[in-house]
Amino acid sequence: MNCKQLDELLPLYAGRDLDEKRARLVSEHVQICSTCARVAGEYREAVELAQHFTPPVFSDNVYASVRRQVMQQIEDKPTAPLVPQMLLVGSGPGWLGPPPAR
Ligand SMILES: [Zn+2]
């Protein structure tokens, strides 16, 4: 197993999509090769980020100012008249309900 071969397997390894045999080869290699270990770490991070997406952490100040801006934008909007259709949801044809039974 050389670095070039490993390069193709690392994304799969990070996503735990490798079979046991290949996964073991990869994990053995990353223990002795710092270059691949680093790449594997980056893939693993990307995978974990995608799996457990957490919003970026704002400091309280940034959050407060963003919040203020958003609230201001909402308040600046002219109040839209109530759309009559909105009131009919639930009493109209059951387009929100389950599909008709066959
Ligand atoms: Zn390597």
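What percentage of the 102 residues in the chain is buried? Buried residues make up 8% of the chain, where buried takes 20 or more other C-beta atoms within 10 Å of a residue's own, exposed 12 or fewer, and partly exposed anything in between, with C-beta atoms placed from the backbone. A word on the ground rules: this is a predicted model, where local features need pLDDT of at least 70, side-chain atom pairs count only at pLDDT 80 or more, and totals for chains, interfaces and linings use all residues. Residues are numbered from 1 along each chain as its sequence is written.

Now the layout. The chain has five helices and zero strands, so the elements read α-α-α-α-α from the N terminus on; helices (H or I, at least four residues) and strands (E, at least two) are DSSP runs, numbered from the N terminus. Among contacts with a separation of 6 or more, 53% join residues 24 or more positions apart, a contact being two C-beta atoms, placed from the backbone, within 7 Å.

Let's start the packing with helix 1 (residues 3-14) and helix 3 (residues 34-51). Their axes lie 8 Å apart at an angle of about 25°; axes are lines fitted to C-alpha atoms, for helices over the stretch in contact, and angles run from 0 to 180 degrees between N-to-C directions. That makes the two helices roughly parallel (under 35 degrees; over 145 is roughly antiparallel, 65 to 115 roughly perpendicular, and the rest oblique). On the helix 1 side, the contact includes Leu 6, Leu 10 and Tyr 13, and on the helix 3 side it includes Val 39, Tyr 43 and Val 47. The residues of this contact divide into 11 nonpolar, one polar and one charged; Ala, Val, Leu, Ile, Met, Phe, Trp, Tyr, Cys and Pro count as nonpolar, Asp, Glu, Lys and Arg as charged, and the others, Gly among them, as polar.

Helix 2 (residues 20-32) meets helix 1 at roughly 110°, with the axes coming within 10 Å, and the pair is therefore roughly perpendicular. Leu 6, Leu 9, Leu 10 and Tyr 13 of helix 1 touch Arg 22, Ala 23, Val 26 and His 29 of helix 2. By class, that is six nonpolar, one polar and one charged.

Between these two helices, the loop holds Arg 16. Its phi is near 55°, positive in a residue other than glycine. Most residues other than glycine have a negative phi. Arg 16 counts as exposed because it has 9 C-beta neighbours inside 10 Å.

Finally, helix 4 (residues 60-76): zero of its 17 residues are buried, so it lies largely in the open.
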